[in-house]
Amino acid sequence: METQFDVIVIGGGPGGYVCAAKLAQAGKKTALIEKTALGGTCLNRGCIPTKTLLHAAELLEEAKKAASAGVHIEGATVDYPALRQRKQEVVQQLTSGIEKLLSSAKVTVIAGSGYVPKAGQVQVTDAEGTCTQYTAQDIVVAVGSEPAMPPIAGLDLPGVMTSNDLLQDIPKLDSLVVIGGGVIGMEFASLYASLGTKVTVLEGQARILPPLDREIGQSLTMLMKKRGVTIATNAMVQRVEQTEQHMLCCHYTVKGKEETAIGQRVLVSVGRKSLASNVLAPELPIAYERGRVQVDQTMQSSVPHIYVIGDAAAGYPQLAHAASAQALDVVAAITQQSFETNLHLVPSCVYTSPEIASVGMTEAEAKAAGVHPHIGKYPMTANGKSLLTEQERGFIKLVADENGALLGAQLMCARATDMIGELTLAIANGLTEEQVASMIRPHPTFEEGIGEALSACIKKNPHAKSLAD
C-alpha cells in the first residue's frame, strides 16, 4: 500500500466519510483511517440505532391505541432479540452503502488508529500493534466524541451504562434511572417508557432540554409525566450505590434535600467529550476550547493544513448533519472551490414522541440580542392530520423581528424533524413571515400547522399588510 496521499482523513463518521468521498471525487488522492467501523458514532452507536428503536416503540404505541381508530390488535409485545436483530440489520445495510461509496470514489480505507505527530504526517497503528507512517499535504481530523462521565462516585458499578453500552445490549428493563435530561437522555427515556419501563430522569438544570425553548422543555415534561416518567430537575447526583437486591440507587439533592432514585440500570447521558486530543500530538500548537479544537471559517485549525470537523470542532453543535456540512466546507477549501455552507444555522432535532425540532433564535435569545420579536404560535391539537392520527399535545412557534423577517422556529409535533427544513431555508434567506405564508400547503398535512403559525405571527406584526386582518 502506498504511504503518500494528497489528503488523509482520520475518522469514518458522517463528517469523515463525506469529506473523503468528495475529495476523491474532486481528484485528490485520499485515504480514510477508521479504527472500528465505518459510519462512526452516528451510524453504529448513535443516531441510526437509536431512531430504529424509537420507530419500534412508536409502532408499539400505535398498536396500543389502535382500538380507538377501529383496529383491534391483541397482545402486542416487544420481542427483544428481534429488536436487536433489526437494529443491526439497519446498521449493516447503511455501513455497506458507505463502503460502496468510498470504493466507487477510489478512497483508500485504512483500518487502525490514526495519530498526528506533526503537520503532514499520520501514524496508523493496526489491530496487531503494527505502526505505519503516512504523509499528506492536508489532514482532516473527524474523530468525533465519546460519552462524558462526570466525577460521581459509583459510576464504575456494574449496570451503570452510557448510550454506547445500552445500544449494544438493549436490555429488557423493569426500571431505569437516567442521569441527564438532554437530547440523548430524553430520547432513551421516551424509548423505554414506551417499552413499559419505569423511568426516572435526573436533570441538574432547572428544566429538561435546557438549550431549547423553555416551552418545549415544559411541554415535554408534562407529556412524559402523563406516561409515568418521573422527572426531577435541579437534581444534583451525589453518588450511585448498589442495593442488597442488586439494584442501583442514585442519591441526589434538590435544594439541599437528599432524595433517591432506584433502577435496574443507570444511564449516564450528561454530554459528550471530544476525542481530538487523542489523535493530535501535544507538541502541535493546536488551540483548544474545552477540549474541542478552535477552527476558522474553513474548519482549519491553528496549524495550517490540519482541519477539524464534527464533534471535535469547537463552536458548533455536536450533530451528524453539522459534521457533514463542515466536510463540504473543508472540501471547498482544499480544492480551492467557491462554496460555503451556513454553519451558524443548524437545525436541532429530538426524536422523542412527539418529535421536537428547532432552528435559529428562541424568543428569549431574540430579546437578549436586543430584538423586539413578535411570536406566532399554533396548537397542533387543532390540526386535522394531528387529530385523525391521534397525536398528543404539540405546537409550532415562530419568532420574527420588527420587519417580519423570520428569526427562529420551534416545533413540537409529529414529523417536526421533517418540517424544520422549510423554516431553515426561510430563515437562511431572510424571508419574511408574509413571503413564507404565501406558499400553498397541501391538505390535510402536518405542514398546514406552519401556515397557521405564520398567520398568527403576521397578526402580531404591526407592519403587516391587511392579509392578516
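In the predicted model, the buried residues of helix α3 are P49, T50, T52, L53, L54, A57, L60 and A63. The elements that cover these buried residues include α2 (40-45), α4 (80-104), α5 (163-169) and α6 (183-194).

A similar analysis was made of helix α9. This helix is formed by the 16 residues 320-335, and at 1.5 Å a residue it should span 22 Å; the distance between its end C-alpha atoms is 23 Å, which agrees. Buried positions in α9 are A322, A323, A325, Q326, A327, D329, V330, V331, A332, I334 and T335. Packing against the buried residues of α9 are β1 (4-10), α1 (16-25), β6 (131-141) and β19 (306-308).

In the protein as a whole, 14 helices and 24 strands make up the secondary structure. The radius of gyration is 24 Å, close to the 23 Å given by the globule rule for 469 residues, so the protein is as compact as a globular protein of that length. The C-alpha trace spans about 65 × 65 × 50 Å along its principal axes. Of the 469 residues, 51% count as buried. Among contacts with a separation of 6 or more, 62% are made by residues 24 or more positions apart. The accessible surface amounts to about 21,900 Å², and carbon and sulfur atoms contribute 51% of it. There are 39 positive and 47 negative side chains, with the centres of the two sets 3 Å apart.

Most residues other than glycine have a negative phi, and most peptide bonds are trans. A cis peptide bond is found from S353 to P354, with omega near 5 degrees; P354 belongs to the loop between β20 (348-350) and β21 (356-360). Another cis peptide bond joins H443 to P444, with omega about -5 degrees, and P444 lies in the loop between α13 (433-437) and α14 (448-459).

Positive phi values also occur in loops. For H246, phi is near 65 degrees; this residue is located in the loop between β12 (235-242) and β13 (248-254). With a relative accessible area of 63%, H246 is exposed, since exposure requires a value over 50%. R290 has a phi near 55 degrees and is placed in the loop between β17 (288-289) and β18 (292-293). R290 likewise counts as exposed, at 87% relative accessibility.

How values were computed
Residues numbered from 1 in each chain as written. Predicted model: local features only at pLDDT ≥ 70, side-chain atom pairs only at ≥ 80, totals over all residues. Heavy atoms only, no water. Buried < 20%, exposed > 50% of the residue type's maximum accessible area, 1.4 Å probe, protein only. Helix = DSSP H or I, 4+ residues; strand = E, 2+ residues; numbered from the N terminus. Contact = heavy atoms within 4.5 Å. Expected span 1.5 Å × (residues − 1). Rg over C-alpha atoms; globule rule 2.2 N^0.38 Å. Areas by Shrake-Rupley, 256 points an atom, 1.4 Å probe, with all protein chains shown as cover. Lys, Arg positive; Asp, Glu negative; His and termini not counted. Charge placed at Lys NZ, Arg CZ, Asp CG, Glu CD.
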